[in-house]
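Trainee: Could you walk me through this one? I would like to begin with a charged pair and then move on to other topics.

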Amino acid sequence: MKAAVLRKAGGAENFSIEERSMPVPNEGEVLVKVRAFGLNRSELMTRKGLSPSVVFPRVLGIECIGQVEQDPSGFFARGQKVAAFMGGMGRDFDGSYAEYALLPVQLLTPFDSTLPWEVLGALPEMFQTAYGSLHKALKIQAGEVLLIRGGTSSVGLLAAQLAKEAGLRVIATTRNEAKRDLLLDNGADEVLIDNGNLAEVIKNNDHLKIDKVLELVGTATLKDSLHCTAQGGVVCMTGMLAEEWSIADFAPMDFIPVTVSLTVYNTGEIRIEGNFFQEFIKDIEGGAVKPAIKQTFSLDEIVEAHRFMETNSGGGKIVIIT
């Protein structure tokens, strides 16, 4: 089988396409024929050497869509469509940047769909992150106002659609005026151009009362996002588009405004039940939700795909077709 192997941390050119022996599943493992997978910022950070626990060489990839090739337990039928994400994929063991992946059975979510692989490949982690952040962490309610910081990311665009469908008023941010229409077309009711000091902008606009904030940029804008939030509101930090893990000289009493709550969401710790993923797929098939896909590449183009991800152009998910 073919696999994109990262033998050492660094630039995208460190990936090499190699031929490997087909792995054989043991009890509790399933061999999956990878059909497609989405690229994720965490993989970019791992490639750069910002994930100290990852040992090289490694096949990256924290998610995939595929079909069961071999299941020793007999639980899954050969050819069954499955989604997989997180749980150590591409970090503790080889992940989805390959034609086949050997995965723990508990990571697999079976589903049915007629959608093409390039659409399905964009969905597992994007859905889990957006849905979990909104419903598990922020506990959104109809009538609330949601601010999405980092709105042109794939998760931000999907979260806007899901929140709008749930009856919220959605305000999304971008640093690029040219992407205003993209946000409006994906569910945003209003767009704010992010100058790094949105709290001041919101303070000076009486109609902007923010109940919930989905923070996708990360630690670089987290303090400002907290100060954008009305008393009693909640901020969920989910993304790290700024590629910064920590906050220097963190002083909680100064950092977090009175009565505003701060939480996080991590798909590695909470998994959304498979029936919700199946309903999400049906919404896409029925046209109620339109996942934003920026560009597709082949597995042989993994270097170009990672370089494209580094341009930070936003506007949707990057998908690899095997």
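Trainee: Is Glu 190 buried or exposed?

Mentor: Glu 190 is buried, with a relative accessible area of 17%, where buried means under 20% relative accessible area, exposed over 50%, and partly exposed in between, using a 1.4 Å probe and protein chains only. Keep in mind that this is a predicted model, in which local features need pLDDT of at least 70 and side-chain atom pairs count only at pLDDT 80 or more, while totals for chains, interfaces and linings use all residues. Residues are numbered from 1 along each chain as its sequence is written, and side-chain values use heavy atoms, with hydrogens and water left out.

Trainee: Which side chain does Glu 190 meet in a salt bridge?

Mentor: Glu 190 meets Arg 169, at 2.8 Å from N to O; a salt bridge here is a side-chain nitrogen of Lys or Arg within 4 Å of a carboxyl oxygen of Asp or Glu. Glu 190 lies in strand S10 (residues 190–193) and Arg 169 in strand S9 (residues 169–174), so this pair ties together parts that are 21 residues apart in sequence. Helices (H or I, at least four residues) and strands (E, at least two) are DSSP runs, numbered from the N terminus. Arg 169, at 34% relative accessibility, counts as partly exposed.

Trainee: Why would such side chains pair at all?

Mentor: In general, side chains of opposite charge can pair when their charged atoms come close.

Trainee: And how many salt bridges does the structure hold?

Mentor: The structure holds 17 of them. One of these joins Lys 48 to Glu 310, with the closest N and O atoms 3.6 Å apart. Because Lys 48 lies in the loop between H1 and S4 while Glu 310 lies in helix H10 (residues 302–310), the pair ties together parts that are 262 residues apart in sequence. Lys 48 is partly exposed at 34%, and Glu 310 is partly exposed at 32%.

Trainee: New topic: where is Pro 57?

Mentor: Pro 57 sits in the loop between helix H1 (41–47) and strand S4 (63–70), and the peptide bond leading from Phe 56 to Pro 57 is cis, with omega near 5°.

Trainee: What about the backbone at Met 86?

Mentor: Met 86 has a positive phi of about 55°, although it is not a glycine. Met 86 belongs to the loop between strand S5 (81–85) and strand S6 (100–104), and it counts as buried at 17% relative accessibility.

Trainee: Last one: which residues touch the most other members of the largest nonpolar core?

Mentor: Leu 134 and Phe 280 do, among the 39 residues of that core, which is a set of buried Ala, Val, Leu, Ile, Met, Phe, Trp, Tyr and Cys residues joined through side-chain atoms within 4.5 Å. A second, separate core of 37 residues includes Ala 3, Val 68, Ala 84 and Ala 98.
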